[in-house]
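This report describes the architecture of a single model. The sequence and structure are shown below.

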Amino acid sequence: MKFRAICENHLYSKAYSKGKRAVTCAIAVYVLPDYAAKRLAKAHPEKRVMNRIGLTVSTKLGGATVRSRVRRILREGLRALEKEKPLKTGFLIVIAARSSATKLKSTDIRDHLDIAFEKLGMYKDV
RNA sequence: UGACCAAGCGGGGCUGUCGCGCUAUAUGUUGGUGAAAGCUAUUAUAGCGAGGAAAGUCCGGGCAUCACAGGGCAGGAUAACGGAUAACGUCCGCCGGAGGCGACUCCCGGGAAAGUGCAACAGAAAUAAACCGCCCGAGGUGUUUUUGACGAGUGCAGAAAUCGUUUUCUUCACACCGCCAGGCAUAGUUACCUAUGUCAAGGUGGGAAAAGCGAUUAACACGAACGAUAGUUUGUGUGUUCUGUGCCGUCAAAAGCAUCUCGGGCAAGGAUGGAAAGGCGAGGUAAGAGCUCACCCACUCCUAUGGCAACAUAGGUUUGCUGUAAACCCUAUCCGAUGCAACACCUUUGGUUUCGAUUUUUUCGAGGGGCUGCCCGCCCCGAUACCGAUGGUGGCAGAGCAUUUGCUUGAACUGCGGAGUGAUUCGCAGUGAAGAUAGAUGACAGCUGCACGUAAGUGUACAGAACCCGGCUUACAAGCUCGGUCAUUUA
RNA sequence: CGGGGUGUGGCGCAGCUGGAAGCGCGCGACGUUUGGGACGUCGAUGCCGCAGGUUCGAAUCCUGUCACUCCGA
């Protein structure tokens with residue numbers, strides 16, 4: 001499962017200010033409907049509607065090594081979760097790491113994400 | 001065995017499941033998206049996929065662009081010598097200096113004898129003096145000695161003179177006093193008392209003669225004290241014998257000493273300081289001084305020997321110089337500027353392309369632009385020109401040839417061998433695709449290694465490519481190795 | 001990727017042209033007040049970010065380093 005990343009800074013600030021929010025001790029998740037989703041879906045070869053994902057890890061957490069490890073763990077946890085329970089599509093999802101995330105494993109991150117998405121009601125109806 | 005010195009190694013391993021990026025091949029779509037350039041798919045296989053520091057960005061180089069890659073000033077960097085290197089501020093060797101018993105380590109190591117600046121406090125004085133000091137000369141003051149003169153200062157001796165006094169002899173009973181002291185008498189008065197007279201003792205002074213003793217300048221004038229206002233004593237002023245000699249005083253001269261002032265010489269000594277202008281001894285001098293000499297120290301230059309050279313050693317010679325250039329500065333050498341967000345190309349798109357003289361071209365002048373701070377020089381100004389903006393591709397994963405996974409070859413790495421003390425270099429063989437663009441190189445599980453701990457268990461560092469290399473600097477868990485030094489003990 | 005600045009009492013800042021470090025606020029004590037505030041007097045508090053070096057002497061000069069911060073592309 002590949003992710004499409006959020007590149008623009010204004011989308012991040014929009015997600016922080018207008019998006020719905022769910023926070024655990026390790027992470028903070030912001031979700032906002034993506035208005036450009038349909039337009040992007042056209043560009044997609046299989047015409048699929050995708051979620052755009054943004055990961056933010058600040059310099060407070062540590063050096064470059066620590067930050068890149070946290071980013072990988074977040075991505076791994078998200079990937080594992082997506083396999084089990086598919087998410088609704090057409091959203092901007094920003095995941096911010098907090099300081100306790102540096103010591104966790106990817107499985108723990110998966111659990112945190114599960115709680116957060118459940119709060120936000122992001123799961124598709126089965 | 002202990003304490004050290006130096007050079008290095010090292011950066012855990014294996015298995016399974018899931019996943020990511022790139023490359024190649026096969027498969028597959030002929031579509032989607034966008035203004036365009038361009039970008040973009042599913043699955044499978046194979047290969048590759050983070051360090052010793054990838055970090056800090058402190059140096060150097062490659063590469064790229066900028067008139068032709070230029071000149072000068074400014075600015076910056078470096079600093080013994082020789083070498084290595086593409087280059088360096090790096091490395092190696094060596095010299096000099098400093099430290100260590102030693103192995104060895106450390107040194108931004110040119111010039112202070114081109115000039116300027118600075119050196120607090122202390123100290124006489126801070127880069128050149130002269131405060132004290134030493135010496136010479138002149139003058140003043142004080143003092144001592146000697147000589148001379150003067151003295152109406154003074155001692156002694158002598159002479160003359162004078163005075164006083166004593167004694168004696170007298171003398172004139174000479175003069176005066178005889179009062180406010182005494183007696184008597186008279187008068188007044190009761191008396192005391194007053195007045196007058198008188199009395200002698202007495203006092204004072206004087207004269208003449210002799211002797212002794214003593215004193216001394218006479219004498220005069222004025223004043224003071226005492227007294228019975230006769231006088232005595234004394235002070236002051238004027239004035240005052242002689243001779244000899246001593247002392248004293250004054251003056252003069254000379255000399256010595258002390259002190260002060262002025263002029264000159266000197267830099268030996270002076271408690272300070274980080275630093276005081278070679279050290280020490282002798283000579284020398286008015287006093288002194290490398291002023292001279294011997295020895296020593298440092299330094300300039302020359303010669304000889306050794307070394308490629310810095311330099312070392314020996315001899316001669318010159319000189320005797322504060323420190324600071326990580327103060328300005330001087331000397332030598334080097335440096336054009338900007339950095340892959342450079343730069344090239346493509347798409348879309350915006351802006352600029354000047355003025356005057358002359359006869360059109362041309363030329364000249366001004367102005368503008370282009371290579372940076374300034375100046376010069378150069379180029380362009382109606383042309384597929386210049387300056388931007390948007391998006392994209394390349395740059396970017398070594399190069400070339402072929403066109404199908406092939407061949408040749410470079411940097412780099414590994415091994416072996418040669419050269420060199422070494423940095424390094426030469427030859428041979430082998431290896432010789434990380435390469436993204438919000439950023440891949442991972443996650444989970446199991447076994448195990450190492451260290452600590454009886455065990456359970458705990459710990460397993462620093463840290464993440466962003467155009468590429470060479471260095472430097474900084475961070476770093478546990479552990480390991482080669483070589484060397486010193487000390488102790490044993491044989 | 002490139003360039004600059006700052007670090008000094010508890011806090012905010014001077015002093016950077018070498019010669020033993022100060023200001024304001026704050027803190028403590030005392031006075032004043034019934035008490036507090038204000039006011040007055042007195043006092044304490046610095047390895048000048050760290051480590052080396054130059055110098056007789058370094059907060060100041062040089063080198064390295066750490067942290068913070070700003071600017072340009």
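## Terms for the hairpin

Two strands are taken to pair if DSSP finds at least two bridges between them. The structure discussed here is a predicted model.

## Strand pairing

Strand 2, residues 20–23, and strand 3, residues 27–33, meet this criterion, pairing in the antiparallel sense over four bridges. Together, strand 2 and strand 3 form a hairpin, with three residues between them. One of the bridges can be located by residue: Ala 22 has Val 29 of strand 3 as its bridge partner.

## Overall organisation

Chain A contains four helices and five strands. Read from the N terminus, the elements of chain A follow the order β-α-β-β-α-β-α-β-α.

Of the 126 residues in chain A, 26% are buried. Among contacts in chain A between residues at least 6 apart in sequence, 76% link residues at least 24 apart.

## Packing of helix 3 and helix 4

The axes of helix 3 (residues 64–84) and helix 4 (residues 106–120) come within 8 Å and cross at roughly 60°. Angles of 65 to 115 degrees would count as roughly perpendicular and those under 35 degrees as roughly parallel; helix 3 and helix 4 are therefore oblique to each other. Their crossing is right-handed.

Helix 3 contributes Ile 73, Leu 74, Glu 76, Gly 77, Leu 78, Ala 80 and Leu 81 to the contact, while helix 4 contributes Ser 106, Ile 109, Arg 110, Leu 113 and Asp 114. By class, the contact of helix 3 with helix 4 comprises seven nonpolar, two polar and three charged residues.

Conventions
Residues are numbered from 1 along each chain as its sequence is written. Chains are lettered from A and ligands numbered from 1 in the order in which they are written. This is a predicted model: local features need pLDDT of at least 70, side-chain atom pairs count only at pLDDT 80 or more; totals for chains, interfaces and linings use all residues. Helices (H or I, at least four residues) and strands (E, at least two) are DSSP runs, numbered from the N terminus. A residue is buried if 20 or more other C-beta atoms lie within 10 Å of its own, exposed if 12 or fewer, and partly exposed in between; C-beta atoms are placed from the backbone. Two residues are in contact if their C-beta atoms, placed from the backbone, lie within 7 Å. Axes are lines fitted to C-alpha atoms, for helices over the stretch in contact, and angles run from 0 to 180 degrees between N-to-C directions. Angles under 35 degrees count as roughly parallel, over 145 as roughly antiparallel, 65 to 115 as roughly perpendicular and the rest as oblique. A crossing is left-handed if the near helix is turned anticlockwise from the far one by less than a right angle, and right-handed if clockwise. Ala, Val, Leu, Ile, Met, Phe, Trp, Tyr, Cys and Pro count as nonpolar, Asp, Glu, Lys and Arg as charged, and the others, Gly among them, as polar.
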